Amino acid sequence: MTKKVLCIDQRRRSSRSLRPRAQRGDALLEGLVGALLLAIIGLGLTYAAARAVNTQRHASGHHIVLTQMLNALETNGVQDLCSGAATATLPIVDRKTDEPIFSAITLPAPECSRDTVTITPPAGSTLPATTVDSVVTRMTLSTPDDESSSARALLGPGSLVLSQ
């Protein structure tokens with residue numbers, strides 16, 4: 001049996017004629033769709049990264065203020081903050097250089113709950129029971145309702161409750 005051999009030109013012509021005209025340009029269209037999908041994914045990632053950076057900035061500001069509040073509690077004491085003053089002012093300074101980081105934060109006076117505390121020694125002890133009047137057992141610092149205050153802008157709405 002003999003088989004007819006096609007010459008090279010006939011092979012090319014026959015392969016071209018098998019491809020329909022409607023499929024020409026598919027690679028270009030697929031490339032454009034792929035580029036569009038990559039652009040959409042890139043925009044989504046950029047948005048997510050921007051949100052993460054913004055959240056981190058607010059979290060670091062909150063951390064600075066909470067650290068300063070803790071410092072004020074350690075240096076001034078709870079009794080001084082609960083003395084009945086109209087406001088509590090917290091200077092926000094760098095601990096290493098004592099340079100101000102933000103302007104001082106002014107908060108409304110903390111709401112303090114005072115109770116009488118009795119300290120009872122263990123059974124068999126010769127020490128007497130001790131009663132202390134007016135011990136601060138709960139302190140609540142809240143940001144002011146004024147939207148334009150620096151404390152509200154830095155901390156946002158809310159309260160910090162210290163209790164024991």
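Helices (H or I, at least four residues) and strands (E, at least two) are DSSP runs numbered from the N terminus. The model is predicted: local features need pLDDT of at least 70 and side-chain atom pairs count only at pLDDT 80 or more, while totals for chains, interfaces and linings use all residues. Residues are numbered from 1 along each chain as its sequence is written, and side-chain values use heavy atoms, with hydrogens and water left out.

Helix H2 has 51 residues and spans 75 Å from its first C-alpha to its last, close to the 75 Å expected at 1.5 Å a residue; the expected span is 1.5 Å times one less than the number of residues. Its buried residues are Gly 61, Val 65, Gln 68, Met 69 and Ala 72. Just after H2, Gly 77 adopts a positive phi of about 90°.

The largest nonpolar core consists of 7 residues: Val 65, Met 69, Ile 105, Leu 107, Leu 141, Ala 151 and Leu 155. Such a core is a set of buried Ala, Val, Leu, Ile, Met, Phe, Trp, Tyr and Cys residues joined through side-chain atoms within 4.5 Å.

Beyond four places in sequence, Ala 151 touches Ile 105, Thr 106, Leu 107, Thr 143, Pro 144 and Gly 156, where contact means heavy atoms within 4.5 Å.

An open sheet of 3 strands has the order E3-E4-E5 with antiparallel pairing; two strands pair if DSSP finds at least two bridges between them. Strands E3 (111-119) and E5 (159-163) form the edges, each pairing on one side only. Strand E4 (residues 130-142) pairs with E5 over 5 bridges in the antiparallel sense.

Thr 140 lies in strand E4, opposite Val 161 in E5. Thr 140 counts as buried because its relative accessibility is 12%. Apart from neighbours within four places in sequence, Thr 140 contacts Pro 110, Glu 111, Ser 159, Leu 160 and Val 161.

Of the chain's 164 residues, 16% count as buried. The accessible surface is about 12,700 Å², and 59% of this belongs to carbon and sulfur atoms; areas come from the Shrake-Rupley method with a 1.4 Å probe.

Technical notes
Buried < 20%, exposed > 50% of the residue type's maximum accessible area, 1.4 Å probe, protein only.
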